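Thanks for coming. I have one chain to go through today, and I will keep it short.

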Amino acid sequence: MNTDVRPLLVIAALLAGSAAAQSVAPPVVPPAPAVQPAAQPIPAARWTLAQLRQAYELADTDSDGRLSRAEAQRLAIMPRSFEDLDQNKDGVLERAEYEGSIAK
Ligand SMILES: [Ca+2]
Ligand SMILES: [Ca+2]
């Protein structure tokens, strides 16, 4: 009767391997990157014309080039009341009224 010990050797090798793997030190976790400070709101004096135009276009939901009172409420940059910005008092805030009143 010939006893085959190879399966036992394989099991022993697997046990040795797993034991070796468990003895490996855990990987060193790199330090977390420094947290960036939250973006500060831009002061009114530093708004650029491009930012104003972007805010205007985002608020102009029907893309007719004019802002109704409801659309003007969506403006991210609204330094004055709608009545102040609507210089000709037609109830519509045109691009020139918006950009001109802030650029001064
Ligand atoms: Ca519109
Ligand atoms: Ca107007």
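I start with A72, which sits in helix α3, residues 69-72. Helices here are DSSP runs of H or I with at least four residues, strands are runs of E with at least two, and both are numbered from the N terminus. Before going on: this is a predicted model, where local features need pLDDT of at least 70, side-chain atom pairs count only at pLDDT 80 or more, and totals for chains, interfaces and linings use all residues. Residues are numbered from 1 along each chain as its sequence is written, and chains are lettered from A and ligands numbered from 1 in the order in which they are written.

Is A72 buried or exposed? A72 counts as buried because it has 20 C-beta neighbours inside 10 Å. The cut-offs are 20 or more other C-beta atoms within 10 Å for buried, 12 or fewer for exposed, and partly exposed in between, with C-beta atoms placed from the backbone.

Which residues does A72 touch, not counting those up to four places away in sequence? They are A59, L67, F82 and L93. Contact means that the two C-beta atoms, placed from the backbone, lie within 7 Å. For A59, the C-alpha to C-alpha separation from A72 is 6.4 Å, at 13 residues apart in sequence.

L93 has its own list: leaving aside neighbours within four places in sequence, it is in contact with R66, L67, A72, F82, L85, D86 and Y98.

Both A72 and L93 belong to the largest nonpolar core, which has seven residues in all, the others being Y56, A59, L67, L85 and Y98. A nonpolar core is a set of buried Ala, Val, Leu, Ile, Met, Phe, Trp, Tyr and Cys residues joined through C-beta atoms within 7 Å. In soluble globular proteins, nonpolar side chains tend to be buried together.

Now the chain as a whole. It has five helices and two strands, and from the N terminus the order is α-α-β-α-α-β-α. Of its 104 residues, 8% count as buried. Taking contacts between residues at least 6 apart in sequence, 40% join residues at least 24 apart.

Next, the record. The unreviewed UniProt entry carries the annotation "domain: EF-hand" over residues 58-74 and 82-98. Its positions are in the numbering used here, feature names are shortened, and annotations may be inferred rather than shown by experiment. In the model, residues 58-74 are 35% helix and 12% strand, with the end C-alpha atoms 8 Å apart. Residues 82-98 are 47% helix and 12% strand, and there the end C-alpha atoms lie 9 Å apart.

Two backbone angles deserve a mention. Most residues other than glycine have a negative phi. S63, not a glycine, has a positive phi of about 55°; it is found in the loop between α2 (49-59) and β1 (66-67). K89 also has a positive phi, near 55°, and lies in the loop between α4 (82-85) and β2 (93-94). S63 is exposed because 7 other C-beta atoms lie within 10 Å, and K89 counts as exposed with 7 C-beta neighbours inside 10 Å.

Last, two pairs. D64, in the loop between α2 and β1, is 30 residues from E94 in sequence and 10.0 Å from it in space, C-alpha to C-alpha. G100, in helix α5, residues 95-103, has its C-alpha atom 9.8 Å from that of L49, 51 residues apart along the chain.
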